[in-house]
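User: Could you walk me through this one? I'm new to reading structures, so please spell out the terms as we go.

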Amino acid sequence: MENLVAAVILILIVGGAAAYLVKAKRSGVKCVGCPAGGSCSSSRKTKKKKLSGPVLGKKTIKITGMECAHCAQSVTESLNQIEGIRAKVDLSDGKAVVSYDREVEDEVLKAAVEKAGFAVVSITA
């Protein structure tokens with residue numbers, strides 16, 4: 001009897017999730033579960049930030065939790081708010097490559113990513 005109840009509950013949960021996904025896709029949502037409500041656009045271009053001096057180096061930030069173009073956009077904007085940093089986020093690889101024209105501590109980069117709502121796995125030069 002307990003197994004039957006568990007099976008019915010599981011079927012209801014999976015059925016409800018499937019119905020939600022089908023309804024969302026039919027209504028034109030591009031990214032189900034997106035924090036932008038599914039209205040993010042992968043075609044939205046980020047204005048390229050210019051550095052005030054020559055590029056001294058690059059760092060690669062491995063990031064977890066990015067699911068859509070809106071997520072990548074949020075990380076890009078958060079990193080680009082740091083003076084002396086220009087970021088390019090690669091959603092498919094789950095990373096950001098930052099160019100810098102002055103030394104910036106890894107903790108500052110990590111805080112910017114976390115401010116956007118994501119976790120940093122590693123930062124490498």
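User: Which residues form the nonpolar patch on the surface, and how much accessible area do they have together?

Analyst: This is a predicted model, where local features need pLDDT of at least 70, side-chain atom pairs count only at pLDDT 80 or more, and totals for chains, interfaces and linings use all residues. Residues are numbered from 1 along each chain as its sequence is written, and side-chain values use heavy atoms, with hydrogens and water left out. Patches take residues with over 30% relative accessible area and no salt bridge, joining like charges within 9 Å and nonpolar side chains (Val, Leu, Ile, Met, Phe, Trp, Tyr) within 5 Å; the areas come from the Shrake-Rupley method with a 1.4 Å probe, and for residues only the protein chains shown count as cover. Here the patch is Met1, Leu4, Val5, Val8, Ile9, Leu12 and Ile13, and together they have about 750 Å².

User: Where does Ile9 sit, and is Ile9 buried, partly exposed or exposed?

Analyst: Ile9 is in helix α1 (helices are DSSP runs of H or I with at least four residues, strands are runs of E with at least two, numbered from the N terminus). Buried means under 20% relative accessible area, exposed means over 50%, and partly exposed is in between, using a 1.4 Å probe and protein chains only. Ile9 has 46%, so it counts as partly exposed.

User: Which residues form the positive surface patch?

Analyst: Lys and Arg count as positive and Asp and Glu as negative, while His and the chain ends are not counted. A charge is placed at NZ of Lys, CZ of Arg, CG of Asp or CD of Glu. One member, Lys58, lies in strand β1 (residues 57-64) and is exposed at 53%. The patch is made of Lys48, Lys50, Lys58 and Lys88.

User: What about the inside: how many residues are in the largest nonpolar core?

Analyst: A nonpolar core is a set of buried Ala, Val, Leu, Ile, Met, Phe, Trp, Tyr and Cys residues joined through side-chain atoms within 4.5 Å. Those with the most contacts inside this one are Ile61, Ile63, Val75, Leu79, Leu109 and Val113, and the core's size is 21 residues.

User: Which element supplies the largest share of that core?

Analyst: At least two core residues come from each of β1, α2 (69-80), β2 (85-90), β3 (95-100) and α3 (106-115). The largest share is four residues, and the element that gives them is α2.

User: How many residues apart in sequence are the parts that Lys59 and Asp106 tie together?

Analyst: These two form a salt bridge, with closest N and O atoms 2.7 Å apart (the rule is a side-chain nitrogen of Lys or Arg within 4 Å of a carboxyl oxygen of Asp or Glu). Lys59 is buried at 11%, whereas Asp106 is partly exposed at 31%. Lys59 is in strand β1 and Asp106 in helix α3, so the parts they tie together are 47 residues apart.

User: And what separates Lys110 and Glu114 along helix α3?

Analyst: Lys110 and Glu114 also form a salt bridge, at 4.0 Å between the closest N and O atoms. Lys110 is partly exposed at 30%, and Glu114 is partly exposed at 42%. Being four residues apart in helix α3, they are separated by about one helical turn.

User: How many salt bridges does the whole structure have?

Analyst: Another pair is Arg102 with Asp101, at 2.9 Å from N to O. Arg102 is partly exposed at 31%, while Asp101 is buried at 11%. Searching the whole structure gives a total of three.
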